[in-house]
Amino acid sequence: MISAKIDSNSITTIKEKGLESIVDWFDQHIQSFYTLGWSYLKNQQQMEELFYRSIIKVHKELPRFKKETSFEMWVTSIFIHTCRELSADRSLQASEESEPSQDLFNALNQLKEYEKEAVVLIYGKGISQEEAAHLLQVSAEKMKEDLFTGIRSLRKVMGYGSSFNGCKEYYKNYIDYLERTLDRSKKIDFEIHIYHCQDCQEDLAAFQDVMLKMKHLTERMADLHVPTNFMENVRVRLAEKEKHRQLKNKKRKRLGVIFASILALLMSIEAFTGSFTNLYYTWTEENQELRAFLQQDLGERLNLESESDGVKIKIKSAIADDVQTLVFYEIEDTEKDNQYVMNYEDGVSVENEYEIMSREANPRYYPPDHKSDVNNKEKNIYQGKISLRPLTTENGTIKLKITKLQKLIRDSSDQNGFTANGKTGEWSFKIPVTKQPSVEYALNENTVVEGIPVRFEKLIIAPTETILQFGINNEVSEKRIEVLNFDNLEVNNKKLKADMYSGFTSRLKLDYFSITL
């Protein structure tokens, strides 16, 4: 079992003892977090899942904790985010369970989410409006507005009526006046108005009554019973996860010893034959296209990683030439069985694009790869590639920023195969790249298609693409041809299909390592 006593105020102790201390910290603060969680969720299964996920997230994010905020507020922000995730997860919905304060929670559940959060944090958890605004990442004015509308909605639920009859211009003063934080000049003006306005007097009285009841929210929430075995069940799940992790590590170590022995043998072979590089990448790289580039020494393995909101992105390599910069990536959903893809037009940007990239060429489009073995192996991992503009320099570092991913939909009739409603977050990378040379062949060949002259001008062979440039002479005939659709190009008795996403320039994809010209 996982257990350790810690000083709840000592972040150093928490970091040193890791997962064990985080579990005990939650155990010491169980009542406030349990009641906060119950305002979102409705049964013990969901609550145990909530604490289990929250503890894992806090442990994972602990190295990023900054002392500018209190540890409890930082944990609360993670806890609330997990509450939102679980409350939206239909797979975890189950029958509701009654509690002593269920009437209170029923009333709160009739509020909008942002209203409920404002009321629960300020009157239930007892934090200030400023702390709640910081926690929910909203302005102080927005927090005050959410709190006001939340109390107004509760006023209706509690039977005080559905509308205010007072003067709208004075609504915003209700909370500050009752909390005794209203500026003196505004307070005097407000009291003079209230003295003469019967409707505002009645509104303020009802508003005050609801606020007084909400100020006892902490005491009422304390009636919420935490099951005696609740944290023990969470500890058991965490212990099982830790045991599974240790078994995986042991297996990796055994494989590591075996691989190290093979590696030593291959390195000795390399000294005589020079064959190690091809064998190494053949064995270790799953993506066949990337493997071909690595075997031809056209790029290097990078394995740059960034994680945000349970999704890990790994940049495996980048291949640059005069046509484009091809970035190979892997996206892993560490919490659910979702596959995500990148879309250059939505959520992907190069922060230093104007500095190192050409504006004369546009990125290529590559549709999601649904059929490859590597993307059908794991339900939560997708390996793909994305095209960026070509470099203007021989070497450079791409500052790639990703703020949104698209969720892959395998049974979609849409040719894109993904939905725009994907995953948001923030992933940043600095990708070192070296531009590889291209070869150009002047063709000066002519043919006739349906009576219209067509001239083949140039064949450009780059590591990532082979481009056939041609011109159509529409001036000598009454007919017009806007574009030619090529079926294939035959090179060394091998037929190569044209790229259907090439636009107005016919690009024929070649396997670089098998072409000799």
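Predicted model: local features only at pLDDT ≥ 70, side-chain atom pairs only at ≥ 80, totals over all residues.
How are helix 3 and helix 5 oriented to each other? Residues are numbered from 1 along each chain as its sequence is written, and side-chain values use heavy atoms, with hydrogens and water left out.

To the opening question, then. Helix 3 covers residues 30-38 and helix 5 covers residues 71-88; their axes lie 10 Å apart at an angle of about 30°. The two are therefore roughly parallel to each other. Helices (H or I, at least four residues) and strands (E, at least two) are DSSP runs, numbered from the N terminus. Axes are lines fitted to C-alpha atoms, for helices over the stretch in contact, and angles run from 0 to 180 degrees between N-to-C directions. Angles under 35 degrees count as roughly parallel, over 145 as roughly antiparallel, 65 to 115 as roughly perpendicular, and the rest as oblique.

At this contact (heavy atoms within 4.5 Å), Phe33, Leu36 and Gly37 of helix 3 meet Glu72, Val75, Thr76, Phe79, Ile80 and Cys83 of helix 5. These residues divide into 6 nonpolar, 2 polar and 1 charged. Here Ala, Val, Leu, Ile, Met, Phe, Trp, Tyr, Cys and Pro count as nonpolar, Asp, Glu, Lys and Arg as charged, and the others, Gly among them, as polar.

Helix 3 also packs against helix 4, at an angle of about 120° and with the axes 10 Å apart. That makes helix 3 oblique to helix 4. From helix 3, Ile30, Phe33, Tyr34, Gly37 and Trp38 meet Gln44, Met47, Leu50 and Phe51 of helix 4. This contact holds 7 nonpolar and 2 polar residues, with no charged ones.

Helix 5 has a further partner in helix 8, residues 129-136, with an angle of about 55° and axes 10 Å apart. Helix 5 is thus oblique to helix 8. Met73, Thr76, Ser77, Ile80 and Arg84 in helix 5 meet Glu131, Leu135 and Leu136 in helix 8. The division is 4 nonpolar, 2 polar and 2 charged.

Finally, the largest pocket. A pocket is an open set of points on a 1 Å grid over the protein atoms alone, where a 1.4 Å probe fits, with protein on both sides within 12 Å along at least five of seven lines; lining residues have an atom within 4 Å of a point. The lining comprises 29 residues, and Lys241, Arg245, Lys248, Arg252 and Lys312 lie nearest the centre. Helix 14 gives the most, with 10 residues. The lining divides into 7 nonpolar, 4 polar and 18 charged residues.
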